[in-house]
Amino acid sequence: MSNKFISHEKLRDWLEDLSARFEVWAPVNTGQDAKGVVVYRPFVRDGALEFARKPVESAKHTVFPRSETLVNFKTGAKDGKPALELHVPEDPPARAVFGLPSCDARGFQIFDPVYNGSGTQGLARDNYYLRRRNATVLIVKACSKVLNTCFCNWVGGGPACTEGADVLATELPDGFILAQVTARGEAALGSALLAPASDSQEKQARKLHEEAGAALCAPPDLSASVSALRGKFDDSAFWEAEASKCLSCGACTYLCPTCYCFNITDEARGVLGARIRSWDACMLPLFTMEASGHNPRTGKIQRLRNRIGHKFSYYPSLHNGRIACCGCGRCIKSCPSSVDIRRIVTDAIGITGTAGLKEQKNG
Amino acid sequence: MAIHEQLKKIILDTLPGVECVIGWGPGQDALHGSPVFMRKPEDVDSFMDTPLGAFGAVNNLALFLPELSGKKVGVVVKGCDSRSIVQLVAEKLIKREEVVIIGFPCEGAADLTKIEKALPEGREAGEVTGAAIVGETLKLSLGSEEISLGLADIKADKCTRCKTPGAVISDAFAGIAGKAPEVRDEYADLAALEAMSLDERFKFWEREMSRCIRCYACRNACPLCVCRDHCVAGSRSPHWITQTDSTRDKLMFQIIHATHLAGRCTGCGECQRACPAGIPVLLLKRTFNRGVAEIFGYDAGMDTEATPPLLTFQVEEAHIKEREWQ
Ligand code: SF4
Ligand code: SF4
Ligand code: SF4
Ligand code: SF4
């Protein structure tokens, strides 16, 4: 299929058109001024769409909500015995996410083997995840600039990488050029509002992709991370030095497009209640708290070691070497203490002073 | 000798007697600093080795003291940070003799949010590739573009109302502490909020709190928030806060935090700085701070011997004329 084009003037018409078939989400400035915080929100025509600044959060919650009801329940009695009525919520609506960066879309590829059964020999199929995942179209917007914290190219991605994308959008001065990537993407592109893209527009898009790719620093070789981090597991001095400044909050994990852990709690009022699945994070102390009161990860040092080890060693050793980080840089950018995951991994491998990091130190 | 060099010398002299000295070192880019735990003399090289120098010393390092209690540590402080230490000592949360406090005459610290807001539309702080302070301006490069910002415009708000630019207490001090400035906190930020109708104010908080991801960076960045691993917001026992994605409960947590900090908060602003969602949570704390100042005449973090008013009980409060209530 040839690529499509939508002008800036008609963008909202098209998103409105899409809204007839999908619940459309897009990055929105939700703050009080032109530099307010950009997060993903359901599209509304007069919303403050923003594509210039990278959303602070990843698009993870569009497929994996912060909190979701697994089942509603009602307790009671029948024939003198306790009885339980269960009600599973209806299927969520089909979604289209417009304007997410490539790293966010790649994040779901790290979720997939954990929840679709492929990485667990069919043992674990998370239908709550899958029904959302399979009903979501990801319209990636190629990044036109890279931030100091971006390192998607260290882990196999790039500013215009199509892995994980259903459609790739590239912003030109007058609108977006839209390239279909997967069969699922076709559903989003069937609109009379879209014009065919011209050759010169295609050329402009390719040029932008190349420029953004070239703006990233050369990636170091991370192939030793699996063994290096395993080797460092018991090196408490190493982890103490790396973790001293960590506050043990949940900012890094909750902003991360690849952190997929959750907690399940029951909340009831009288006879009515719900079983809720909500995000959890290995940086929080309760994550490993056992029923006995024993906590095997006693402090932030063990918790940070797990977060880094999981992404760059344990996950890849279970999933064909794939690193469970897509290099979006959000955990670095929003960490109140500037804990830099790149530095920890390169320190562990012993390639401290990696080009990209050194250059950035003093600008 | 520049302040930064004097500080390095003091740190080197302090190191042999302590577990580590906590200071500021380079962060991920030209604009960011980051806490650095100096354990060996060579670690001191990175101290303030950043384009922003002392102006980039934003983190309040008093935060790390309670978790290190039992060990002797050194810590470099801005004036506001020293107030957190005073308050921690007053509440017996740390032992004075376990901390070596190193002060310097602080001229204010950067507010990264203000820097981002001052950049041209659509540009963000993560695009800044270089920075240098020249006189009273911060010169930034964004690739080939050059931008100059006045330091006064990008200083944290707390710096403009600071009464303690030198440390309130210290064991060593680099340079000479200037005279304490004559400033009065007019709570102008609160006036703007309070000018809104109740309905508007509620909408304001709903809109702001709707971005909350419940990461609790606000809580964990607060040097006085010491329950940490035993917080009421935990999802297990006592499970007081719902796990549903409820804006009201997120605001509820902020009110709990503010209430627990009433009469203890020194207004260091770390809670708000830490928030990745840019939520102005400091406004809630400042509302309590103003109230505590009016009712009890107490300003947290000024006197290690003081008893914080809400941690004690008086049969007759000097400023609360209960007997006169009708
Ligand atoms: S690395 Fe940063 S964001 Fe993550 S838990 Fe530690 S302080 Fe919080
Ligand atoms: S670990 Fe950090 S850089 Fe990697 S995907 Fe998660 S938030 Fe992004
Ligand atoms: S509540 Fe905020 S301003 Fe007050 S002491 Fe804690 S971090 Fe500082
Ligand atoms: S730091 Fe911000 S986003 Fe995180 S819990 Fe606090 S208010 Fe919410």
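Chain B has 11 helices and eight strands. Helices (H or I, at least four residues) and strands (E, at least two) are DSSP runs, numbered from the N terminus. The radius of gyration of chain B is 21 Å, close to the 20 Å that the globule rule gives for 326 residues, so chain B is as compact as a globular protein of that length. That radius is taken over C-alpha atoms, and the globule rule is 2.2 Å times the number of residues to the power 0.38.

This is a predicted model: local features need pLDDT of at least 70, side-chain atom pairs count only at pLDDT 80 or more, and totals for chains, interfaces and linings use all residues. Residues are numbered from 1 along each chain as its sequence is written, chains are lettered from A and ligands numbered from 1 in the order in which they are written, and side-chain values use heavy atoms, with hydrogens and water left out.

Stay with chain B as a whole. Its C-alpha trace spans about 65 × 50 × 45 Å along the principal axes. Of the 326 residues of chain B, 53% count as buried. Buried means under 20% relative accessible area, exposed over 50%, and partly exposed in between (1.4 Å probe, protein chains only). The accessible surface of chain B comes to about 14700 Å². Carbon and sulfur atoms hold 54% of that surface. Such areas come from the Shrake-Rupley method with a 1.4 Å probe; for residues, only the protein chains shown count as cover.

Next, contacts and charges. A contact means heavy atoms within 4.5 Å. Take the contacts in chain B with a separation of 6 or more: residues 24 or more positions apart account for 68% of them. Chain B carries 38 positive and 46 negative side chains. The centres of the two sets lie 3 Å apart. Lys and Arg count as positive and Asp and Glu as negative, while His and the chain ends are not counted. The place of a charge is taken as NZ of Lys, CZ of Arg, CG of Asp or CD of Glu.

Now look at the sheet. Five strands of chain B form an open sheet in the order S2-S1-S3-S4-S8, with mixed pairing. Two strands pair if DSSP finds at least two bridges between them. Strand S2 (33-38) and S8 of chain B stand at the edges, each with a single partner strand, so one side of each is left without a neighbour in the sheet.

Strand S3 (residues 73-77) of chain B deserves a stop. Five of its five residues are buried, so S3(B) is largely enclosed by the rest of the structure. In a regular strand the side chains alternate between the two faces of the sheet. Both faces of S3(B) are covered. Val73(B), Val75(B) and Val77(B) are buried on one side, and Gly74(B) and Val76(B) on the other.

What does S3(B) pair with? Strand S1 (residues 21-26) of chain B pairs with S3(B) in the parallel sense over two bridges. Val21(B) has Gly74(B) as its bridge partner, and Ile22(B) has Val75(B). S3(B) also pairs with strand S4 (residues 99-103) of chain B, in the parallel sense over five bridges. There, Val76(B) stands opposite Ile102(B) in S4(B).

Asp171(B) leads on from the sheet. This residue is found in the loop between helix H5 (157-160) and strand S8 (172-173) of chain B. At 44% relative accessibility, Asp171(B) counts as partly exposed. Leaving out residues up to four places away in sequence, Asp171(B) touches Arg96(B), Val99(B), Val100(B) and Ile101(B). Asp171(B) and Gly74(B) are 97 residues apart along the chain, and their C-alpha atoms are separated by 9.6 Å.

Leu224(B) sits in another loop, between helix H8 (217-220) and helix H9 (247-261) of chain B. Is Leu224(B) buried or exposed? Leu224(B) is buried, with a relative accessible area of 2%. Its contacts, not counting residues up to four places away in sequence, are Ser84(B), Gln87(B), Leu88(B), Glu91(B), Leu261(B) and Arg264(B). Leu224(B) and His260(B) are 36 residues apart in sequence and 9.3 Å apart in space, C-alpha to C-alpha.

Finally, turn to chain A. Most residues other than glycine have a negative phi. Asp79(A) has a positive phi near 50 degrees. Asp79(A) lies in the loop between strand S4 (67-78) and S5 of chain A, and counts as exposed at 73% relative accessibility. Asn320(A) also has a positive phi, of about 55 degrees. Its place is in the loop between helix H9 (300-318) and helix H10 (330-333) of chain A. Asn320(A) counts as exposed, at 81% relative accessibility.
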